[in-house]
Amino acid sequence: MEAQTIQRRTFTQDDTLQGSNRDHAGLELLRRAMAEQRECHAILQNYCKDGTLFWNELYVSPVRDIAGQVVNFVGIQKDITERKRAEEEHDRFFTLSLDMLCVTGFDGYFKRLNPAWEKVLWREEELQAKPFIEFVHPDDRAATLAEMSKLAGGIDTFAFENRYRCADGSYKWLWWNSTACLEENIIYAVAHDVTERKQAEQELRRSHRQTINILESITDAFFAVDHQFRFTYLNQEAEKLLRQQRESLIGERLWDKFPETAGSTFYVEYHKALSEQVPVKFEEFYPPLDAWFAVHAYPTADGLAVYFTGITERKRTENLLRHRLGLQEALAQVSRLFVSTGDTDLNLILQVLGKAVAANRAYIFQFQENSTKVDNSCEWCDEGTQPQIDNLQNQDTALFPWLMSQLVSKQTIQISDVETLPTLAGVEKAILQAQSIRSLLIVPIKFDNGELFGFIGFDDTEKCRQWSAEDARVLRVIAEMISSHFARRQAEKALRESEARYRRIVETTTEGVWVLDAQDNTNFVNPQMAQMLGYTVGEMLGQPFLSFVDESSRASAQHYLEKRRQGIEERHDLKLCRKDHSELWALISANPIFDAAGQYAGALKMITDITERKVAEVALQYQSERERLMGQVQTRIRQSLNLNAILNTTVAEVRQFLATERVLIYRFEPNWSGVVEVESVDERYTQLLGTVISDPCLATTYVEQYKQGRVRTVEDLATSNLQQCHIDLLSQFQVKANLVVPILQGENLWGLLIAHHCCAPRRWQPLEIDLLKSLAIQVGIAIQQSEPYQQVQLLNTQLEGQIEERTSELQESLNFAQVLKRITERVRESLDEGQILQTAVQEVASVFKVDYCFAALYNSERTTASISYEYTQASLGSALGQITPMADAPAVYEKLLAGQHFAVCESGRYQLF
């Protein structure tokens, strides 16, 4: 074993324990085992003959002869000094580190914390006394538990942030990097106090903060494919595990995007699930991602649904412990550099990383000019390695097609031996050999949108090298940090520029600017806004926003304000009210404002006066709708003579056009009472269809005026000058305002076209009055045209009834003739009187569709009648054989004996026998 020696020796005493400072406890354990002649295992502090201290792991077993007697002992000892020293170094690093290091169990409790925690939060024993989730801010607990779930699935945590409660009740922002040791059921984590940085960022974003919550409840990675194995959906966890943006995968075939899966277990099992329509589960390793996955795949109607988690084993051996500790220390140091609010020293970061992985050179390349050029922007070299940064400036990326394709398509480029590069990489191979590079590890640096920023890498100029997964993981983490660093710098720069532009716009814009506080009161308006409404700035400050909104629009305005509280931006039209009570139509662009704590702090509104445009639009819309409605009514009158259909459609469309609650047509009777002929009414209000209305005020006051073509408008029934009897009648129908237009037939008053506004008073516009007058004329034309049609319809109905009655009579005669024919045929077929009479009874019952029919025979004296043959329904029973004296029914038998028929039609039962 590396850094260890194993010795096998035979001894009869404790001669392996040397030195003056012997391990007496271990010695006693060994002596007791030898005395009891049994096996023993001990880890002992020991000394070599030259007095050098070493740690010895000892296994001792007795050796017996044929008789079973112990003749000696055999011992195997292993020098574990290097392992013990590594553990001691780990403990010293853990204790002395300025970073907040901790070991946490999956049971939710801290197992070990270094002293740095007490400086920031609590003492170690206080933090270990409770589940750590109790110290997390309530708003961050769900995210924290989600990160724990990822760690339990073998996914490391990078740059996770949450808030922890301090001893004084305040909260600190912590920035985490964590990795899980699933074999030991623990988590190693390093945290940094980034409260100052968060406060600086929050202050910078104070005026433009937006909250975007992207929730995905599925903690497992998931993707779906169709029957051709084209991706149809991926969740965020799948993006992370597959290391691909969903935009680059949706619509693409699985086998095209991940060609290495062809012929693998993935390929076989997915095809099995889809072809046999059975669920499958399996575990498989995917070399390009250097990862293991546990997969559950289920067939669906649309294809295949795949749930998977990363289960890559992180087998740590003793010979990798020092390397991993070095990487963790380097990562912690780099993390501190990145979370600082000042400029980050990338050269120092490369130095820390290069030394940690024992590379000869570490570097960052940055793309320029839409990735057509590339510069070696930062470099670190160990002593004895020739720098290359000056030779690698403004390089044409077209010269490196293989490298560029690898950077675009892969997460990590690992070249263990430059000599093994493919033929397509000939140019790259020559350049690398010219720099004496034997092996290299490269990771692309990409922004969240997939844009390639550059790449970071390590070179080994001394030997070919198999880079470890841990090396690649750390490099990917650093690449993500660099990406986040530059993205944050770009965002901060854009935010500062936006702030400056905003200040200039507010000061110079011709639009109104209106800022509300959390209670929707005016916090700020610019002079242009106050001028639009006819106020001074001082008169508007502190006043509720709704006090400047037209009464008809306040419900909508309140709805818009609620949407601001929900974080929704939008543009909408709204009717405002000027100081002189005139209307101002405004186009409002509204944005919510949230404070640093994420609480709603108000809204910013940009106001544009669109009153002239709105007035023109309304007039144009009314004119267009009027023409459309008139055209439809005229078309229906020409194409149809069905008056009822014409009138019903007319009132429905008029109600929709006027946006009112009821439109009806009232037809007069000769005595000037009348009936509601057709109606269209909102379901919230009383239906009047078919209602007969007798209004004495109408006959005495308004009929003559209507005959002269008078139009009557009532804008507010409560303040109108109508007679009280008419007000009472309209109030009964829930009317608040109405518009009445007469329908004339020449000089005769046929009826009225009426619009009722029931929810509130209403000011009727000239365009609306003109529309109803025009429609009343068209309705009069329709009524006049329909009268001949209605007369013809009545005659047709009467004629159809007569034809139907005559047809029925003819059918009955035909049926009877057929019965007589069948009876006659039976008589000819047989001379049996009984068969003939029974046939006659059944045929008569069938043709007349009766429940009972019989034939009775007289006795020779004609004094009795006996039922000899019958047809009966089962529910009536049988009267066969019943004898009735004819004297008991003289009215019946006198007619029958005289050769006449007897008929009776009564409800209920009639007893003939």
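1. Of the 913 residues in the protein chain, 42% are buried; buried denotes under 20% relative accessible area, exposed over 50%, and partly exposed the range in between, with a 1.4 Å probe and protein chains only. The model is a predicted one: local features need pLDDT of at least 70, side-chain atom pairs count only at pLDDT 80 or more, and totals for chains, interfaces and linings use all residues. Residues are numbered from 1 along each chain as its sequence is written, and side-chain values use heavy atoms, with hydrogens and water left out.

2. The chain holds 25 helices and 34 strands. These elements are DSSP runs numbered from the N terminus, with helices being H or I of at least four residues and strands E of at least two. Of the contacts between residues at least 6 apart in sequence, 49% join residues at least 24 apart; a contact means heavy atoms within 4.5 Å.

3. Strand 2 (residues 40-47) pairs with strand 3 (residues 53-64) in the antiparallel sense, over eight bridges; two strands count as paired if DSSP finds at least two bridges between them. Q45 has W55 of strand 3 as its bridge partner. The two strands form a hairpin with five residues between them, and G51 in the turn has a positive phi of about 90 degrees.

4. Strand 3 also pairs with strand 4 (residues 70-79), again in the antiparallel sense, over nine bridges. Here V60 has G75 of strand 4 as its bridge partner. Five residues lie between the strands of this hairpin, where G68 takes a positive phi near 90 degrees.

5. Which residues lie nearest the centre of the largest cavity? They are F365, L403, I431, L432 and F455, out of 26 lining residues. The volume of this cavity is about 350 Å³, and a search of the whole structure finds five cavities of 30 Å³ or more. A cavity is a set of points, on a 1 Å grid over the protein atoms alone, where a 1.4 Å probe fits but cannot get out; lining residues have an atom within 4 Å of a point. Grid points are joined across faces, edges and corners, and the volume is the space filled by probe spheres set on the points.

6. Several elements each supply at least two residues of the lining of the largest cavity, among them strand 16 (373-381), helix 13 (401-409), helix 14 (426-434) and strand 20 (452-460). The largest share, four residues, comes from strand 15.

7. An open sheet is formed by five strands in the order 22-21-25-24-23, with antiparallel pairing. Its edge strands, each pairing on one side only, are strand 22 (522-525) and strand 23 (570-577). Neighbouring strands of the sheet are turned by 30 degrees against each other on average, direction ignored. Axes are lines fitted to C-alpha atoms, for helices over the stretch in contact, and angles run from 0 to 180 degrees between N-to-C directions.

8. Within this sheet, strand 24 (residues 583-594) and strand 25 (residues 600-609) pair in the antiparallel sense over nine bridges. A586 stands opposite D609 in strand 25. Helix 18 (residues 554-565) packs on the sheet, touching strand 21 (512-516), strand 23, strand 24 and strand 25, and its direction makes about 140 degrees with that of strand 23.

9. V675 lies in strand 27 (residues 674-681) and counts as buried because its relative accessibility is 13%. Leaving aside residues up to four places away in sequence, V675 touches I665, Y666, R667, E669, G690, T691 and V692. V675 and I693 are 18 residues apart in sequence and 6.0 Å apart in space, C-alpha to C-alpha.

10. In helix 22 (residues 724-732), the buried residues are H726, I727, L729 and L730. They lie on the same side of helix 22 because they cover an arc of only 160 degrees around the axis, the arc being that of the directions from the helix axis to the C-beta atoms. Q724 and Q732 are exposed on the other side of helix 22. The buried residues pack against elements including helix 21 (696-707), strand 30 (737-745) and strand 31 (748-757). Just after helix 22, Q734 takes a positive phi of about 65 degrees.

11. N738 belongs to strand 30 and is buried, with a relative accessible area of 2%. Its contacts, not counting residues up to four places away in sequence, are R712, T713, V714, L730, A755, H756 and W764.

Terms used
On a 1 Å grid over the protein atoms alone, a cavity is a set of points where a 1.4 Å probe fits but cannot get out, and a pocket is an open set with protein on both sides within 12 Å along at least five of seven lines; lining residues have an atom within 4 Å of a point.
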